[in-house]
Amino acid sequence: MTRRGQVRSAVACSATRRSVSRLHMLGLLLLVLCSAPTAGWTTISAANFGTTLKTTQEQMAGVCEECQRDPMRGLGYIWTFPESPNDDTGLGGGITYALDPKLCDDMLPRFMEDIWFIPFLNCGDLEDAFTRGLEAWSKNHPLISFVDVSEECKQQDVTPCPLAEVWVTASDELSASAVASALSGVRYSSTFRYTNGHRPIVTRSDGSTGQAVVVETYGATVSFSKSECWYLDSQFCSGFHDLKDHASPNTVRTVGLTLLFLIWGIALLGNIIQLALTFRAIRRAAAMDKAFQGCCDGTIWRAYLRSLSTWSVFGTSLRLVLLIVPWTFYRAIFVTCWDCFDFEGAVVHEWGHVLGLSHPDLLTSETNTNYPPTGENLGTVAYEPAACADPWQSVFIRPTDAENVSVMLGFTQHNPRVCLSEDDQQALWAIYPLCNASFPELYCDDTRLRIGAVRIFIYILIPFLLGVVFALVLHWRAAESGLPLNWCHCTCIDYVLGVRDKLPQGKAGKRQAVSKSGSNTQAVVRS
């Protein structure tokens, strides 16, 4: 964070904490100034309805008049936590979800990680990726869990399944700019309860208090596009996306394509030159056959094999690999990681919406037309369980120039993330505070599927092996034809190579050599 950014952060922070004691404010500002740049986060309420930090803090204190007039202006689109352990409303007993039985059939053909025409993925792989995406959130908060009721829903034979609070499906009716979406079902609730055990209150004009109304999420539909291409191996493709930290995606792609075409061009030129030299040798062999009346048995094919037999096995293999691999690498590996979408990353992102978070980089552009675009990106000072009763007093307005690595950034091919940032975790605990648990270490599942490594192995090793086999067959054919691999002593072939001084010079000399008997001719040729 720059010094100017730190000053702006402090000013914005102080403007929203007038109800906090001076001592607490001083400590808070010191923590903000000494901390690393925050990634930033925002809520659906802020993005869609212009909810500000000041409004949320007033809502928590029970003095938000604007929230009383319009509950959408307060913090909402979040799940309630019931008081009874037997109540499965909201977060109670876990959020139930079910995968559409058609999801696998609709989505699997859109994964570009098969090897040629051999299927490499199955429905279990998609389900495992989905589970890992959910665990990115549940492993970072003890009260957030998810329960898969897909098998029970199959027996219901009804879509969407009434047993599932979240229905997961594939769709080709998403907007042109969306590859996945999460549409939350909400309702006004006057019985809402936060995860810290507190209930939202409202202070009336006569000084009395009562239960405030909150916009509660009770369900959602998560959809993935079945018209876009996808991939599963997040770890493998992340290496390509890391290159975008150094330049724009278009620049990185241009440089990468230039290198691939350069390698391919060099290999192509090397093969053309080698073949040109071979054809030149064949033409000379044809001319020599006329002059010597079959000195090398008069076979152009033998001269061709003789020339090929001198090629290096390794060199031939390498040229073939460099001629084939750049295209297979580009089409089968690079394009998959670059142009397709990370399925697990999309699961993590959309489930953040289900839990109440929105895009910090698209904040005001998503505000509903009937509300002011006053929402703010936020940051959180390190969560302290002692402050769980009012965690929003530790939240501050994020500097606009702060680094942003949140999983909730607008999802594209170029910014997939399957692990929460520290700021995402802090946001989760600000929305769902907890007093009787320690703040956990950031959990990240770094499972390596090895799909990309296997495809690299196949798309590079197989062309190399084919090149080796091809070169060995050429050498074997030359050897089977009765020609030695080392043919430097064959005068006829020496002529093919341009060693003209070992042969009779001039047309007259050639005619004289031709007029000799066949046995003498053989002696001249093989001496």
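Guide: The structure holds 8 salt bridges, a salt bridge being a side-chain nitrogen of Lys or Arg within 4 Å of a carboxyl oxygen of Asp or Glu. The model is predicted, so local features need pLDDT of at least 70 and side-chain atom pairs count only at pLDDT 80 or more, while totals for chains, interfaces and linings use all residues. Residues are numbered from 1 along each chain as its sequence is written, and side-chain values use heavy atoms, with hydrogens and water left out.

One of these salt bridges joins the side chains of Arg-132 and Glu-344, at 3.1 Å from N to O. Because Arg-132 belongs to helix H7 and Glu-344 to helix H13, the pair ties together parts that are 212 residues apart in sequence; helices (H or I, at least four residues) and strands (E, at least two) are DSSP runs, numbered from the N terminus. Arg-132 counts as buried, at 11% relative accessibility, and Glu-344 is likewise buried, at 5%, where buried means under 20% relative accessible area, exposed over 50% and partly exposed in between, with a 1.4 Å probe and protein chains only.

A further salt bridge is formed by Arg-187 and Glu-216, whose closest N and O atoms are 3.3 Å apart. Here Arg-187 sits in strand E5 and Glu-216 in strand E8 (residues 214–225), so this pair ties together parts that are 29 residues apart in sequence. Arg-187 is partly exposed, with a relative accessible area of 39%, whereas Glu-216 is buried, with a relative accessible area of 3%.

Asp-339 and Arg-253 also form a salt bridge, with their closest N and O atoms 2.7 Å apart. This pair links distant parts of the chain, since Asp-339 is in helix H12 (residues 313–339) and Arg-253 in helix H10 (residues 249–292), 86 residues apart. Asp-339 is partly exposed, at a relative accessible area of 26%, and Arg-253 counts as partly exposed too, at 21% relative accessibility.

Two of the elements named above return in the lining of the largest pocket: strand E5 (180–189) and helix H13 (343–354), along with helix H3 (44–49), each supply at least two residues to that lining. Strand E5 gives the most, with 5 residues.
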